[in-house]
Amino acid sequence: MDGRFVIHGGKPLQGEIAVSGSKNAALYTLAAALLSADPVTIHNVPDIADINEMADVCRSLGAAVEISGTTVHVQARDFTSTSPPIARVMALRASFLVMGPVLARVGEAGCASPGGDVIGVRPVDVHLAGFRALGATVERSGAEWLARASKLRGTRIFLDYPSVLGTVNVMFAATLAEGTTTIVNAATEPEVSMAANMLNSMGARISGHGTGIMMIEGVDQLHGTEYEVIPDRIEAGTYLLGGIATGGDVRITNADPRSLDSLLSKFQELDAKVEVGDEFGVQVSCPHPLRAIQVQAVPYPGFPTDLHAPMAATLTQVQGVSTIHERVFDNRTLYVGELRTLGARIIVGGQSVIIEGGGNLSGAVVRALDIRAGAAVVIGGLAASGETSVAGVEHLDRGYAHLTEQLTALGAEVARI
Ligand code: UD1
């Protein structure tokens, strides 16, 4: 269901909502389920298009996948294919994550270079180097990468870059390798840790996850599990930023403040008021005029690249000159032209975005060009006076469950037509 979002902006977002399960973490759980022949049940899976796409990728390999509300049942008793069709792979980047599990279980796996958001060069060399280090031969055959190994063997692997999906894919493969694998320079994102915890609940022996050095003692096989996906910190961050952009007061009841340190510290620098619960819950409001800030998007626990664009939209409402320096992807700034259409004073210089905030935005016709660029124009539209019409809604559907309902619950005037 595509269409457009129509936003009548200028109203502060106020109230409380709960966010869905993490998009990225949920995608990892579907791929992780392929490591066992037993049934796996996953709860708190977000109702977003990317989950349906990932389910189809798993089904194309012969796995049974049943989605029932926010619960997903997966069983990969046998594989009928070891490589998903290219059209499925192109639908989302996480499709490449099936390679590690299938290689580990069957001894061979193929996958084309994956699709996903056009946010920069997105190679897979970290994944492939990891498979090679575990003893697989990896070669290119047409559009596909093919990996083969009669038995994977644990070893010490240094990742050139702490790639998030690269870490997860190599961890997946290593769970069934002979001996111990140490991944040095591993990604430390909470979603990676959660995937490791899920695998441990299936009988894997993984330690050090959440730090840059992860150890995986290989086991012969993994059994089924029932697992709950963590709340989406990026979705939470997006609504909190919407609250600040509109001068509102937003509480996310199930946000984990420990996963939002970098964002909450930027809120403090902005002079917004931040309140956190003991375990869960984050509230943000703006009792004072806000101050311009500098932001660098870097790997976790630094400021997340996925909140770069929503933060930029928010900073258009803050008096003074703010900057965002993008250090993860080289094409994260597609949203800039769209915010300019709304009247934002914002320019790109290399990997930096410079925002002269405090001016008024006015409603216009804009496009969501990727998931997070889409979130930025929605925040811009909420802050702008008058009507904003957002095309490219399919991008937002990939990452934000029930966006209109969530925003309406916070008092926004928004409709999908
Ligand atoms: C994941 C997330 C995405 C998030 C990103 C960074 C999913 C489905 N997606 O994407 O939402 O924005 O982490 O937090 O979980 N790189 C290499 N070689 C590789 C792989 C990556 O050089 O083999 C580089 C990329 O070009 C990029 C950087 O590493 O500059 C970050 O990419 P990576 O961490 O791999 O992001 P993804 O895992 O694709």
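Arg-340 lies in helix 11, which covers residues 335-341. Helices here are DSSP runs of H or I with at least four residues, strands are runs of E with at least two, and both are numbered from the N terminus. The model is a predicted one, in which local features need pLDDT of at least 70, side-chain atom pairs count only at pLDDT 80 or more, and totals for chains, interfaces and linings use all residues. Residues are numbered from 1 along each chain as its sequence is written, and side-chain values use heavy atoms, with hydrogens and water left out.

With a relative accessible area of 46%, Arg-340 is partly exposed. The classes are buried for under 20% relative accessible area, exposed for over 50%, and partly exposed in between, using a 1.4 Å probe and protein chains only. Leaving aside neighbours within four places in sequence, Arg-340 is in contact with Ile-346 and Ile-347, where contact means heavy atoms within 4.5 Å. Arg-340 and Val-366 are 26 residues apart in sequence, and their C-alpha atoms are 9.7 Å apart in space.

Thr-388 is placed in strand 22, residues 387-391. Thr-388 counts as buried because its relative accessibility is 0%.

Ile-417 follows strand 23 (413-416), in the segment after that strand. Its relative accessibility is 55%, so Ile-417 counts as exposed. Ile-417 and Ile-42 are 375 residues apart in sequence and 32 Å apart from C-alpha to C-alpha.

**Domains**

The chain is divided into domain 1 (5-19 + 231-416) and domain 2 (23-228), with bounds that come from an automatic or database domain assignment. Taken over C-alpha atoms, the centres of domain 1 and domain 2 are separated by 30 Å. Between them, 24 residues of domain 1 are in contact with 21 residues of domain 2.

Two packed helices are described by the angle between their axes and the distance between the axes. The axes are lines fitted to C-alpha atoms, for helices over the stretch in contact, and the angles run from 0 to 180 degrees between N-to-C directions.

| Helix pair | Angle | Axis distance |
|---|---|---|
| Helix 1 (residues 23-33) and helix 6 (residues 164-175) | about 20° | 11 Å |
| Helix 1 and helix 2 (residues 49-59) | roughly 15° | within 10 Å |

Helix 1 is therefore roughly parallel to helix 2. Angles under 35 degrees count as roughly parallel, over 145 as roughly antiparallel, 65 to 115 as roughly perpendicular and the rest as oblique. Helix 1 and helix 2 have a right-handed crossing; a crossing is right-handed if the near helix is turned clockwise from the far one by less than a right angle, and left-handed if anticlockwise. On the helix 1 side the contact is made by Lys-23, Ala-26, Leu-27, Leu-30 and Ala-31, and on the helix 2 side by Asp-50, Ile-51, Met-54, Ala-55 and Cys-58. By class, this contact of helix 1 with helix 2 has eight nonpolar, no polar and two charged residues. Nonpolar covers Ala, Val, Leu, Ile, Met, Phe, Trp, Tyr, Cys and Pro, charged covers Asp, Glu, Lys and Arg, and the others, Gly among them, count as polar.

Helix 1 also passes helix 6 in a right-handed crossing. Here Tyr-28, Ala-31 and Ala-32 of helix 1 meet Val-164, Leu-165, Val-168 and Phe-172 of helix 6. The residues of the contact of helix 1 with helix 6 divide into seven nonpolar, no polar and no charged.
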